[in-house]
Amino acid sequence: SFLSAKLNHLSGKNIAILGCGNIGSKLALKLAESGVNVIMMRRNSLKGESIVNAINLIKPSASSGLATYSSSAVQASEFCDVVISAANANTPIVTWDVINSMSKDGFVIDIGKGNVSPDVVKNSFKHNIEIFRADITSSLYGFISHRQKIQNIVKYKMGRARINSDISIVSGGVIGKCREIV
């Protein structure tokens with residue numbers, strides 16, 4: 001949702017995901033389904049290539065997005081509109097080389113921990129480079145609100161009831177029987 005709002009549209013964008021484990025691979029699938037060209041990097045190239053192949057098999061054939069693999073964070077980031085770091089690494093993978101390879105108007109989203117090098121963070125302000133970190137606040141509010149709405153539907157709107165002995169009604173997605181009013 002953040003990317004869609006920030007970029008106005010996703011289709012045709014190039015986004016690098018550095019770290020394609022559990023979170024990165026799911027994000028890559030969603031982006032490829034939305035028409036984004038996703039360039040993925042993972043330390044283990046065999047797993048990385050397997051994940052890329054799986055994404056291209058799973059995504060709808062009508063989607064213009066494509067997942068590709070690169071073994072280098074710098075090469076994966078070349079001319080990208082967004083670089084997303086999702087690695088579980090002990091050393092930063094978003095370096096000045098990565099910043100210099102992305103699109104001049106590109107920005108970084110850090111959804112890992114410690115993925116952006118301290119000098120990139122420090123110098124990003126001087127060079128007008130936007131770096132965002134994943135914040136779950138809006139997602140958490142959305143999740144809670146959605147869960148409450150679903151609970152209300154299941155409790156108060158979904159079900160079967162009799163108006164009188166001759167008339168039965170169903171609502172909220174319950175499959176009706178013959179002669180029941182939906």
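Here are some numbered notes on the structure above, which is a predicted model.

1. Six strands make up an open sheet, and their order is E3-E2-E1-E4-E5-E6 with parallel pairing. Strand E3 (67-70) and E6 are the edge strands, each pairing on one side only. From one strand to the next, the twist averages 20°.

2. E1 and E2 pair in the parallel sense over five bridges, with Leu 18 opposite Met 41 in E2. Strand E4 (residues 82-85) is joined to E5 by four bridges, and these two strands run parallel. Here Val 83 stands opposite Val 108 in E5. As for burial, E1 is mostly covered, with four of its five residues buried.

3. Helix H2 (residues 22-33) lies across strand E1 (14-18), strand E2 (37-41) and E4, and runs at about 165° to E2. Helix H3 (residues 45-58) also packs on the sheet, where it touches E2 and E3. The direction of H3 makes about 170° with that of E3.

4. Now to the aromatic side chains, which I would inspect with the 3D view open. The structure holds three aromatic pairs. In one of them, the ring centres of Phe 2 and Phe 107 are 6.5 Å apart and the planes are at 85°, so this pair is edge-to-face.

5. Phe 107 has another ring partner. Its ring and that of Phe 132 have centres 5.6 Å apart and planes at 85°, so this pair is edge-to-face. Phe 107 lies in strand E5 and Phe 132 in strand E6 (residues 131-133), so the pair ties together parts that are 25 residues apart in sequence. Phe 132 counts as partly exposed, at 24% relative accessibility. Taken together, Phe 2, Phe 107 and Phe 132 form one aromatic cluster.

6. Which ring does the charged end of Lys 6 sit over? It is the ring of Phe 107, with the charged end of Lys 6 at 5.5 Å from the ring centre. Lys 6 also forms a salt bridge with Glu 130, where the closest N and O atoms are 2.9 Å apart.

7. The structure holds two salt bridges, and one of them joins the side chains of Glu 180 and Arg 160, at 2.7 Å from N to O. Glu 180 lies in the segment after strand E8 (168-171) and Arg 160 in strand E7 (residues 159-162), so the pair ties together parts that are 20 residues apart in sequence. Is Glu 180 buried or exposed? Glu 180 counts as buried, because its relative accessibility is 15% and the cut-off for buried is under 20%. Arg 160, by contrast, counts as partly exposed at 41%.

8. That brings us to E7 and E8. These strands form a hairpin with five residues between them. Four bridges join E7 to E8, and the two run antiparallel. Ala 161 has Ile 169 in E8 as its bridge partner. The two faces of E8 can be read separately: Ser 168 and Val 170 are on the covered face, while Ile 169 and Ser 171 are on the uncovered one.

Conventions. Residues numbered from 1 in each chain as written. Predicted model: local features only at pLDDT ≥ 70, side-chain atom pairs only at ≥ 80, totals over all residues. Heavy atoms only, no water. Phe/Tyr/Trp six-rings, centres within 6.5 Å; stacked < 30°, edge-to-face > 60°. Buried < 20%, exposed > 50% of the residue type's maximum accessible area, 1.4 Å probe, protein only. Lys NZ or Arg CZ within 6 Å of the ring centre and 35° of its normal. Pairing = 2+ DSSP bridges. Axes fitted to C-alpha atoms, helices over the stretch in contact; angles between N-to-C directions. Contact = heavy atoms within 4.5 Å. Salt bridge = Lys/Arg side-chain N within 4 Å of Asp/Glu carboxyl O.
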